[in-house]
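Here are my notes on this model, written for someone opening it for the first time. Please read them with the structure on screen.

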Amino acid sequence: MRVDMMTGPKPLQQMGGLANATKAAGFDGMLFTEGGRTAFPAVTAAALAEPDLHYSTGIAVAFPRSPMISAQVAWELQEATGGNFRLGLGTQVRTHIVRRYGGEFERPGPRLRDYVLAVKACFAGFRGEQLDHHGEFYELTFLNAQWSPGAIDLPDPLVDIAAVNPWMLTMAGEVADGVHVHPIAEPGYIDRHVIPSVAAGAAKTGRSPDEIALIVPVTTIVGDSDEEIARDRAAAKQMLSFYGSTPNYAFIWDEAGFEGTTARIRDKQKAGDFAGMAAEITDDHLATFCTEASWDGLADALTQKYAATTERLVLYNAGNETPERFEKYGTVAQFITAETG
């Protein structure tokens, strides 16, 4: 199991320093989310400073970019990192795709499946094969030497997708190289849905489930004082209430024994009561969806929960921490990597 830190892209002038700090702290890599700032320039700036780290987008929004654009950028980043880049793609939600990006969102699951296959067809084209992808949503048939980045002496970038519901998880098993599991994916959800669905998808295309990496972000509550623990608990409640307001994730809460959590949080959200949203998250929620420990105990706690299922563990909190706590998270990452091989 390898351990990455999660971060949103920051001003590009800051990314090299953050990559240096990430390497020095002992993390294996950096996973970049995408929001107001785009992920690919941030990865580029970080990778030029620390090319030996592993880098992934978690996730880059697929549909506003053509598959060729995503493939070209991933190809160049694979070259820049010496083969240590993973292209993580996701659908986002309809409002963002249609109203913010001006894109199309109909049938997002099948569209993303076709997108992944189109990206991989582009990779083959870059190596000199004929570009001949005829999908339901994307048709790519023209790539001559003038417009190809050309072959690189490295494997193709791995292509991962974000998936929550069983259909998307099964599709990931069919065509992707990895799955970005959702931040509220407690171990029971991974056992009930992620592992069997990915295995079913892999069987459809004659692959072993072991070929599909599970990339799992974890929310930690860690400290050696009551003040540290209280601070992390408050932050975790805010985070969980944010995700808890999404109707598509309601089944995760319900199956974990917290029926109606989403409905209660949404009632508070509609009233503009953000403090009330966080107050709906109880200590029992925190015990299920987070990992709480002292600093000395955190590595063992995470290893026991996730080592059997997870290829890349992502520390959700680390990127927004103080330098002191960031270094402590790095020590935890080093211990986990050493213990799990």
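1. Start with helix H8 and the second largest pocket. H8 gives the most to the lining of this pocket, with 5 residues. The model is predicted, so keep that in mind throughout. The volume of the second largest pocket is about 310 Å³. In its lining there are 15 residues, and those closest to the centre are Ala-235, Met-239, Tyr-316, Asn-317 and Asn-320. Two elements each give two or more residues to this lining: strand S1 (2–7) and H8. Sorted by class, the lining has 5 nonpolar, 6 polar and 4 charged residues.

2. Next, the largest pocket. Its space comes to about 1,300 Å³. The lining counts 38 residues, with Gln-92, Val-93, His-182, Tyr-243 and Tyr-249 closest to the centre. Which of them gives the most? The answer is H4, with 3 residues. By class, the lining of the largest pocket splits into 20 nonpolar, 14 polar and 4 charged residues.

3. Rolling a probe the size of a water molecule over the atoms shows where empty space is left. How many cavities of 30 Å³ or more are there? The count is 1. The largest cavity holds about 40 Å³ of space. Its lining includes Pro-183, Ala-185 and Glu-186. Pro-217, Val-218 and Thr-219 also line it. So do Phe-289, Cys-290, Thr-291 and Tyr-306. By class that makes 7 nonpolar, 2 polar and 1 charged residues.

4. On cysteines: how many disulfides does the structure hold? The number is 0. A disulfide is a covalent bond between the sulfur atoms of two cysteines. Cys-122 counts as buried because its relative accessibility is 0%. Cys-290 is at 3%, so this residue counts as buried too. Cys-290 is also one of the residues lining the largest cavity.

5. Thr-310 sits in the loop between helix H13 (295–306) and strand S13 (312–315). Is this residue buried or exposed? Thr-310 is buried, because its relative accessibility of 5% is under the 20% limit. Setting aside neighbours within four places in sequence, Thr-310 is in contact with Met-1, Leu-214 and Val-216. The side chain of Thr-310 also makes a polar contact with the side chain of Thr-309, at 3.2 Å. Look at Pro-217 as well: Thr-310 and Pro-217 are 93 residues apart in sequence, but their C-alpha atoms are 9.9 Å apart in space. Pro-217 is itself part of the lining of the largest cavity.

6. Last, Asp-177. This residue lies in the loop between helix H6 (166–175) and strand S9 (178–180). Why does Asp-177 count as buried? Its relative accessible area is 14%, and buried means under 20%. Beyond its neighbours within four places in sequence, Asp-177 is in contact with a list of residues that includes Arg-86, Lys-120, Arg-207 and Glu-211. Pro-157, Leu-158, Val-159 and Asp-160 are also among its contacts. Ile-212 and Ala-213 are on the list as well.

Technical notes
Residues numbered from 1 in each chain as written. Predicted model: local features only at pLDDT ≥ 70, side-chain atom pairs only at ≥ 80, totals over all residues. Heavy atoms only, no water. Helix = DSSP H or I, 4+ residues; strand = E, 2+ residues; numbered from the N terminus. Buried < 20%, exposed > 50% of the residue type's maximum accessible area, 1.4 Å probe, protein only. Contact = heavy atoms within 4.5 Å. Polar contact = N/O pair within 3.5 Å; in protein donor to acceptor, adjacent residues only side chain to side chain. 1 Å grid on protein atoms, 1.4 Å probe; cavity = no way out; pocket = protein on both sides within 12 Å on 5 of 7 lines; lining within 4 Å. Points joined across faces, edges and corners; volume = space filled by probe spheres on them. Nonpolar A, V, L, I, M, F, W, Y, C, P; charged D, E, K, R; others polar. Disulfide = S-S within 2.5 Å.
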